[in-house]
Amino acid sequence: MAAVLIAWAAQVEFVLVTSEHNGEIAVSSYELREDDFHHPRLQLLRSREELDEVLSTAQTQFEKIILLRSWAHRQWETGANFYYPPWDAVEILDLARKQGNRGFCAQYAIVFLQACQSLGLHARYVDLSGHFVVAVWSDDYNRWVVMDPTNDIHYERDGVPMRGRDLHRAYWEDDLRGIARVDSEGHQRAVTQNDLSNYRLYSIVLRANQLSEPVEVKSNGRWKSLVHASDYRTYPAIGRDQLVVTAEFLAWRSEEAEESFPQRPDSEDQDEFRYALNQTVIIVANERLTNSVLKVVLLKSNSPTFARFLIRSEESTDWVPTPSATIKWLLHPGMNQLSARIETADSWRGHVSYLRVLYKPPLIDSLPAFRGNVLTLLWHRSV
C-alpha cells in the first residue's frame with residue numbers, strides 16, 4: 001500500500017498559486033472626464049513649448065512630472081489683478097507673456113495639468129481651502145500624487161510622495177512625522193502644521209476636459225461659458241468683477257476634520273478618490289494543464305490610453321510585448337513567476353502585477369499523470 005501511495009504521489013501533477021500582486025478594479029461612482037490627449041490645443045502646447053525637451057534629462061516618470069511642474073512654475077510671476085482667461089494653457093501663457101496678464105494658483109494648475117495631458121499623463125484638479133493644485137497619477141508609485149505648481153513643491157513622507165488625503169489627515173491629526181516639503185531641486189524641509197493648513201479641506205474636480213467643455217462662470221450676476229475671445233479685456237477682471245467659477249467637486253469627508261466645504265457633495269469612501277489607473281490583473285484561465293503549459297489571462301482596468309501588455313518571466317530582465325491577452329505559460333518544476341504591466345499609447349508603463357506559482361510535474365513523463373489535484377489546489381486558492 002505504501003508503495004502505491006509513493007508511486008501515486010510521484011505521478012501527481014499540480015500547480016499551486018503561492019502569491020499574487022494584482023492591480024485594482026476601479027469602483028468609483030464616476031468616470032474622470034479628460035480632454036483627448038491629442039486635442040489640437042494640447043498638441044500645440046507640447047510642440048510650441050518643446051515639452052519633450054523640457055523632460056529630456058529625467059530618467060523616471062516621476063522625475064518628468066517634477067520637471068514639468070517646475071517648468072509651469074517659471075512661466076510668470078503671480079499677480080493679484082488680472083483678466084481671468086478660459087481654462088486653456090496656450091491662452092494663459094500668451095496673455096502672461098504678451099499682455100503681462102499674471103494669473104494665480106488656478107492658472108498655474110491649468111497650465112501644468114494640460115501640459116501633463118499633452119504628454120499622456122493623467123491628472124485632475126484638487127481644490128483646497130484657499131488654494132488650487134493638481135494631482136497626477138504616478139505609475140511609479142501607483143497613486144495620485146499632489147503637485148503644487150504655484151509653489152513648485154510636493155510633499156513626501158519617508159521618501160514616498162503623498163496624496164491629498166494623506167496631507168489632510170496629517171493636518172487634522174497633527175501627525176507630521178517623516179513629512180518633508182520637497183522642491184524641484186530636491187531640497188527638503190520638515191513641515192509644520194501651518195504648512196499644511198490649505199489641506200484642512202480637500203476635494204477633487206471630477207472633470208479635466210475644459211478644452212472641449214469650457215467652464216461656466218458667473219460674472220457680475222450673469223452666467224456664461226468662458227471661451228476664447230479675440231479681445232482678452234472681455235474676460236472677467238479679477239479685482240474688479242464679481243466672479244464665480246463652477247466645477248463638479250467631490251469633497252473628502254473624514255472623522256477627524258472639524259471643517260467641511262459648504263454645500264459640496266462629499267464622501268468618506270476612499271475608493272471614490274483612489275480611482276486607480278493603468279491597472280493589470282492576471283488570472284488563471286482554467287485548471288487544465290497541458291504539457292506543462294498553464295493558460296493565464298491579462299485584464300486591463302481603467303486604462304483609457306491602453307496600447308498593449310508587456311510581460312516578463314523570472315528568467316528575464318526585459319519586458320516583452322505580447323500580441324494576446326491570453327498567455328500560454330510554460331512552467332518549469334518549482335517556483336515560477338509571471339509579471340505583467342500596461343503600456344499606454346504614449347509609452348508610459350503601468351504598475352507591475354505578478355503571479356507566482358509552484359509547479360510539480362509528474363516524475364515520469366511517459367506515464368499517465370494524476371491531475372485531479374490541479375483543480376483542487378487552484379480552486380482553493382481562488383476562493
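A nonpolar core is a set of buried Ala, Val, Leu, Ile, Met, Phe, Trp, Tyr and Cys residues joined through side-chain atoms within 4.5 Å, where buried means under 20% relative accessible area, exposed means over 50%, and partly exposed lies in between, with a 1.4 Å probe and protein chains only. The structure above is a predicted model, in which local features need pLDDT of at least 70 and side-chain atom pairs count only at pLDDT 80 or more, while totals for chains, interfaces and linings use all residues. Residues are numbered from 1 along each chain as its sequence is written, and side-chain values use heavy atoms, with hydrogens and water left out.

We can begin with the whole chain. The protein chain has 383 residues, of which 51% count as buried, and its C-alpha atoms fill a box of roughly 95 × 45 × 40 Å along the principal axes. Its secondary structure comes to 9 helices and 25 strands; helices (H or I, at least four residues) and strands (E, at least two) are DSSP runs, numbered from the N terminus. Among contacts (heavy atoms within 4.5 Å) between residues at least 6 apart in sequence, 65% join residues at least 24 apart.

In soluble globular proteins, nonpolar side chains tend to be buried together. In this model the largest nonpolar core holds 49 residues, and Phe112 and Tyr125 touch the most other members. The elements that give two or more residues to this core are the helices α4 (61–73), α5 (89–98) and α6 (105–118), together with the strands β4 (123–128), β5 (132–138) and β6, and the largest share, 10 residues, comes from α6. Apart from this core lies another one of 29 residues, among them Leu167, Tyr171, Ile179 and Val191. Returning to Phe112, and leaving aside residues up to four places away in sequence, one finds that this phenylalanine touches Ile65, Leu68, Arg69, Ala72, Val134, Val136, Met147 and Pro149.

Two places in the backbone also deserve a look. Aspartate 152, which lies in the loop between β6 (143–147) and β7 (153–157), has a positive phi of about 55° although it is not a glycine, and aspartate 152 is buried, with a relative accessible area of 8%. Asparagine 278, in the loop between α8 (271–274) and β19 (279–290), has a positive phi near 55° and is likewise a residue other than glycine; at 2% relative accessibility, asparagine 278 counts as buried.
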